[in-house]
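Here are some notes to read alongside the sequence and the structure. Each point takes up one topic.

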Amino acid sequence: MNKGSFAGSTSSGGGGGGMGGNKSSMSSTYSAPKKPKSVMCYICGREFGTASINIHIKSCQKKWEIEESKKPRNERRPMPQPPRDWEDLVLRMQNGEDVNI
């Protein structure tokens, strides 16, 4: 028996493994689930769903203010501003439109 072989395996390569060795038939019937549309927060850079981004922005703005207030005045940064047409882009994405920025 070859080192690393399992009992009952053959050298032809098709043994065990459940679905067999034919990957092309599997790819035509299986498609990965689609990732929900997401939007990146312009303050922290994390991704959120289109339904929750506006809720997140409010809490992220508060967190930004709290964190910046802990710094000496000369080291504080201003709140990042939303990109141009931010509200319109989020609304269009919520309505299922493909939006390219």
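1. Does Asp85 count as buried, exposed or partly exposed, and why? Asp85 counts as partly exposed because its relative accessibility is 46%, and the band for that class lies between 20% and 50%. The model is a predicted one. Asp85 sits in the loop that joins helix 2 and helix 3. Its phi is positive, about 65°, although Asp85 is not a glycine.

2. The overall layout comes next. The protein chain has three helices and two strands, and from the N terminus the order of these elements is α-β-β-α-α. The chain holds 101 residues, of which 18% count as buried. Among contacts with a separation of 6 or more, 38% are between residues 24 or more positions apart.

3. In general, nonpolar side chains in soluble globular proteins tend to be buried together. Here the largest nonpolar core contains 15 residues. Val39, Cys41, Ile43, Ile53, Ile57 and Trp86 have the most contacts inside this core. Helix 2 (53-69) and helix 3 (86-94) are the elements that each supply two or more of its residues.

4. How do helix 2 and helix 3 meet, and at what angle do their axes cross? The two axes come within 11 Å and cross at roughly 145°. On the helix 2 side the contact is made by Ile53, Asn54 and Ile57, and on the helix 3 side by Trp86, Glu87, Val90 and Gln94. By class, these residues are four nonpolar, two polar and one charged.

5. Thr50 is found in the loop between strand 2 (47-49) and helix 2. With a relative accessibility of 13%, Thr50 counts as buried, because the cut-off for that class is under 20%. Leaving aside residues up to four places away in sequence, Thr50 touches Lys37, Val39, Val90, Met93 and Gln94.

6. Val39 is one of the residues that Thr50 touches. Again not counting residues up to four places away in sequence, the contacts of Val39 are Arg46, Glu47, Phe48, Thr50, Ile53, Trp86, Val90 and Met93.

7. Which residues line the second largest pocket? They are Ile43, Cys44, Arg46, His56, Ser59, Cys60, Lys63, Trp64, Glu67 and Glu68. The lining divides into four nonpolar, two polar and four charged residues. The space in this pocket is about 160 Å³.

Definitions and conventions: Residues numbered from 1 in each chain as written. Predicted model: local features only at pLDDT ≥ 70, side-chain atom pairs only at ≥ 80, totals over all residues. Heavy atoms only, no water. 1 Å grid on protein atoms, 1.4 Å probe; cavity = no way out; pocket = protein on both sides within 12 Å on 5 of 7 lines; lining within 4 Å. Points joined across faces, edges and corners; volume = space filled by probe spheres on them. Nonpolar A, V, L, I, M, F, W, Y, C, P; charged D, E, K, R; others polar. Core = buried A, V, L, I, M, F, W, Y, C linked by side-chain atoms within 4.5 Å. Buried < 20%, exposed > 50% of the residue type's maximum accessible area, 1.4 Å probe, protein only. Helix = DSSP H or I, 4+ residues; strand = E, 2+ residues; numbered from the N terminus. Contact = heavy atoms within 4.5 Å. Axes fitted to C-alpha atoms, helices over the stretch in contact; angles between N-to-C directions.
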